[in-house]
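Please look through the sequence and the model shown here, and then read the short report that follows.

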Amino acid sequence: MEPEQEHDPAVMESTVFLSPFVSVGACFVISVIYVASLYVWNSEHDRVFVVMIIAPFFVLTLSSRDVLEHYSMWQIMGFREEGLLTATLVPLLLTVVLFLGPLSVQLSNGVWRIYSEPMYWLNAVRNLVWLRNHVVAPLSEEFTFRACMLPLLLQTFRPSIAMLITPLLFGLAHLHHIRERLKKGRPLREVLIVSFFQFFYTTIFGIYSAYLFVRTAHFVAPFVVHAFCNHMGFPDVQEVLSQPDHRKYLFFAFYVLGLVGWIVLLPTLTTPNWYTNNLFWATKL
């Protein structure tokens, strides 16, 4: 019998409770384990395997009994069949709208043609760096910072608050790169500027990713979006500025159109009912 079919989510709103010390503390410990694993295991695959085994135990052992009586651990972590196809495609389409500007540049310079060649994809899946950026990193980061942390935080805070805590931890977890850059001999001022910028954009992305998880209640939504964003990279504004005026203004128009379109479509295309999101936090959205 499916746990989701046994209750009305509105009933859960008054019974779910986990102390802030437990939920935030657990998320902090998970973050420390994730960052520490970068230095304990040299192998990317070993690190992902170990962290993805440890983190779910926090969800299983610390979750409120009221929650686990109505849902399985995997359901609250976003591994559900209901709405899976929608959660795979619609958030990705929404993110494509956001990247309308960079995609228009790729269409103009012919980069998109590479993606139609089978050899590109064959070589990509053989490339460990490509696999790390497009599969391993999105998988481990979304599993750790969204699927394992948010179910705990949502038992303490309203979704709007929970969606801000994990991005901060996500951004802080990337500050360990300061040590690596300093070891390479890069100037301290440059390292701090680069690291602050990385903290800023990883935190912003973390908010978006957390928003997708909370609204869809599916792990696959932030995962596919994360992989796509890693593929696109940070928009190359310099390439746009180097274009002739008429093309420059056209590309900037696409950048603005994509951002505005994303803002307008965001609440509609993440409507919880589209994804059969009837988990315990759905009534608070």
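In which helix does Met163 lie? Met163 belongs to helix H11 (residues 159-173), where helices are DSSP runs of H or I with at least four residues, numbered from the N terminus. The model is a predicted one, in which local features need pLDDT of at least 70 and side-chain atom pairs count only at pLDDT 80 or more, while totals for chains, interfaces and linings use all residues. Residues are numbered from 1 along each chain as its sequence is written, and side-chain values use heavy atoms, with hydrogens and water left out.

With a relative accessible area of 12%, Met163 is buried, a term that means under 20% relative accessible area, computed with a 1.4 Å probe on protein chains only. Not counting residues up to four places away in sequence, Met163 touches Leu150, Ile207, Ala210, Tyr211 and Val214, contact meaning heavy atoms within 4.5 Å. The C-alpha atoms of Met163 and Gly206 are separated by 8.3 Å, although these residues are 43 residues apart along the chain.

## Thr216 in helix H13

Thr216 lies in helix H13 (residues 188-216), and it counts as buried, because its relative accessibility is 0%. When its neighbours within four places in sequence are left aside, Thr216 is in contact with Arg80, Ala221, Tyr275 and Asn277.

Definitions and conventions. Helix = DSSP H or I, 4+ residues; strand = E, 2+ residues; numbered from the N terminus. Buried < 20%, exposed > 50% of the residue type's maximum accessible area, 1.4 Å probe, protein only.
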